[in-house]
Structures are given as structure tokens and as C-alpha cells.
Amino acid sequence: MRHTAAVPMRWSDMDAYQHINNVAFLGYFEMARISLFREQPTHDLRTGRQRGLIVAAHEIAYKRQVVYSSTPLQVDVWITDVRAATFLCRYELFDHGNLAVTGSTKIVPFDFAIARPRRLTPEEKEFLARWTDEPAG
């Protein structure tokens, strides 16, 4: 199953060539990812912000340029490759119904109290399993 987020473009995301600058798309992916994880209660209350998730890597592929519009972009996000201590968030970004950008983010669970990666908890794995999907291609 995929989570879909409506992500607005900002006027300042446009570059000198009058299209959305390539670096803005990582921010759009982040907004969609945060929207997905808002559905999972955070560990903050139980761990005092000692545990969380960090970004380890990004991949991004641009399919077509995106021109600024007041119409929000549609970003689909889903989970793949769940391992003991990593998983991938995958994305498809649509501009007016057209696939414009695809990408992925490698996420690592992290224990900030000891400054080290940690394993996913059973609750986290259960949450991720609800959002597992395969890319459309």
C-alpha cells in the first residue's frame, strides 16, 4: 500500500531556468515521508527522544522538468527492503498527473543516547509492513 501526500511547491524552489531546482525534490520527498510517519506514534514519549530514524542515503531520478504551479505535487511513498536495521522509502512524484521524479531514501533506526544504529522494534516492523509495496516500474 502507498501513502499519498499533496506537497506544495514554493516560489523560492524555482531556479534561474524557470523550473523547480533539482535539490527541492529531496525536500518534497521528506515532506511525504514525514506525512507517512505521522501515522505512527513516535517513540519520544517512551524514550525521551533517545531513539529515532536517520537518513543514510538518497537516490533520485529526474524524468521531466517541473515548472512552478500553485497546484500541489502528488508524492506517493511506500516501504521496501525492510531489514533488521534498515529500510527504504521509495517515491514517485507526479506533476499534474505526470510522473516527473522517482527516488528512494535509505533509513536507519538510531539510538541517540549511545550515538549508534539500532535494530527495528517489532512495532516498527509491523508499521512498515502496512506500507510495503512494489514500485510500478
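Q: Where do phenylalanine 25 and tyrosine 28 lie, and how many residues apart are they?
A: Helices (H or I, at least four residues) and strands (E, at least two) are DSSP runs, numbered from the N terminus. Here, phenylalanine 25 and tyrosine 28 both belong to helix H1 (residues 24-37), three residues apart, which is about one turn of the helix. Do keep in mind that this is a predicted model, where local features need pLDDT of at least 70, side-chain atom pairs count only at pLDDT 80 or more, and totals for chains, interfaces and linings use all residues. Residues are numbered from 1 along each chain as its sequence is written, and side-chain values use heavy atoms, with hydrogens and water left out.

Q: Are phenylalanine 25 and tyrosine 28 buried or exposed?
A: Buried means under 20% relative accessible area, exposed over 50%, and partly exposed in between (1.4 Å probe, protein chains only). Both phenylalanine 25 and tyrosine 28 are buried.

Q: How many aromatic pairs does the structure hold?
A: Rings of Phe, Tyr and Trp (its six-membered ring) pair if their centres lie within 6.5 Å; planes under 30 degrees apart count as stacked, over 60 as edge-to-face and the rest as tilted. The structure holds seven such pairs. In one of them, the ring centres of phenylalanine 25 and tyrosine 28 are 5.5 Å apart with planes at 90 degrees, so this pair is edge-to-face. Phe25, Tyr28 and Tyr62 form one aromatic cluster.

Q: Why is the pair of phenylalanine 37 and phenylalanine 127 tilted?
A: Their planes are at 40 degrees and their ring centres 5.8 Å apart, so the pair counts as tilted. It links distant parts of the chain, with phenylalanine 37 in helix H1 and phenylalanine 127 in helix H3 (residues 122-130), 90 residues apart. Phenylalanine 37 and phenylalanine 127 are buried.

Q: Which strands pair with E4?
A: Two strands pair if DSSP finds at least two bridges between them. Strand E3 (residues 73-80) pairs with E4 in the antiparallel sense over seven bridges, and E4 pairs with strand E5 (residues 98-111), also antiparallel, over nine bridges. The hairpin of E4 and E5 has two residues between the strands, and histidine 96 in its turn has a positive phi of about 50 degrees. As for cover, eight of the nine residues of E4 (residues 87-95) are buried.

Q: What is serine 104 in contact with?
A: Contact means heavy atoms within 4.5 Å. Leaving aside neighbours within four places in sequence, serine 104 is in contact with Ala57, His58, Glu59, Cys89, Arg90 and Tyr91. Serine 104 lies in strand E5 and is buried, with a relative accessible area of 8%.
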